[in-house]
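Please read it alongside the sequence and the three-dimensional view shown here.

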Amino acid sequence: MLGLSRSKAADLAGGGAILLDGRAAGKSDRVVAGAFVEVTLFTPAPEPVRVVPRPVPDLTVVYHDQHIVVVDKPPFVAAHPSVGWDGPDVLAGLADAGYRISTSGAAERQGVVQRLDVGTSGLMVVAASERAYTLLKQAFRDREVSKTYHALVQGLPDPHEGTIDAPIGRHPGHDYRFAVMNSGRPSLTHYTLLEAYRSASLLQVELETGRTHQIRVHFSALRHPCCGDLTYGGDPSLAARLGLKRQWLHATSLSFTHPGTGDPVRFESDYPNDLRRALERLSG
């Protein structure tokens, strides 16, 4: 009724700001007909999240010019700083290395036109000029950017190639997770089997939409979660056997129209060591 997020409401309850019939209510308390609810809203100004230059040793710049910076993001690195994340991020690494980034966008994610999950490695493009920011944001919205991933999923999907057309929304019970749900946003994932192993399958995945955790959510819904993805149902024993500390998911190629020249450009990325070793263990 108040337009608050679940986490904000939980914070208010935890701070004693919600009274249910005169007593402090817990975040899980149920409200029955006739109950009197009082909410004291307090909205202290949040501390601004800023980009603080810091080195990110394994961050590789694949290409850069006055309009774009294409990076090969290592795992366990965020795309940009955010509340609750104190680890490394792409923007901090680029700032530390002296790259100029567009000032368009919110302060903590200026220049960011696409994101990869913290645990997902591979290619992403950052806008260096204001023109590039505008054109690339529109290109992503219009689905004119080709994004290809390789994913190692548990089991063998049937059929071996196809399209997953299932809406994705925020999980009703977990703020940090997403799920296939009727009230979600339209989401399209195309996949093709590249190689079948005894307990897992290597897939090539093409995204038409770019929902948060889209690949992870879609294959979890099919009961073929990404290997190592314990958040979305991955088998911890298989993850341990493969030596995985994160989901086996890598952005292998990225193609789009260069915002400065108008020419098509394409970039490719090899598997990082942890994903390559996992495949070797499957083959052994």
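R223 lies in the loop between α4 (214–221) and α5 (236–242), where helices (H or I, at least four residues) and strands (E, at least two) are DSSP runs numbered from the N terminus. This is a predicted model, in which local features need pLDDT of at least 70, side-chain atom pairs count only at pLDDT 80 or more, and totals for chains, interfaces and linings use all residues. Residues are numbered from 1 along each chain as its sequence is written, and side-chain values use heavy atoms, with hydrogens and water left out.

Most residues other than glycine have a negative phi, and most peptide bonds are trans. R223, not a glycine, has a positive phi of about 65°. D21, in the loop between β1 (18–20) and β2 (23–24), also has a positive phi, near 55°. The peptide bond from D158 to P159 is cis, with omega near 5°; P159 belongs to the loop between β7 (146–154) and β8 (161–165).

Accessibility is classed as buried (under 20% relative accessible area), exposed (over 50%) or partly exposed (in between), using a 1.4 Å probe and protein chains only.

| Residue | Relative accessible area | Class |
|---|---|---|
| R223 | 71% | exposed |
| D21 | 51% | exposed |
| Y63 | 32% | partly exposed |
| F267 | 10% | buried |

The structure holds 4 aromatic pairs, counted when ring centres of Phe, Tyr or Trp (its six-membered ring) lie within 6.5 Å; planes under 30 degrees apart are stacked, over 60 edge-to-face and the rest tilted. One of them, Y63 with F267, is tilted, at 5.6 Å centre to centre and 40° between the planes. Y63 in strand β4 (residues 60–64) and F267 in strand β14 (residues 264–268) are 204 residues apart. Ring pairs join Y63, F256 and F267 into a cluster.
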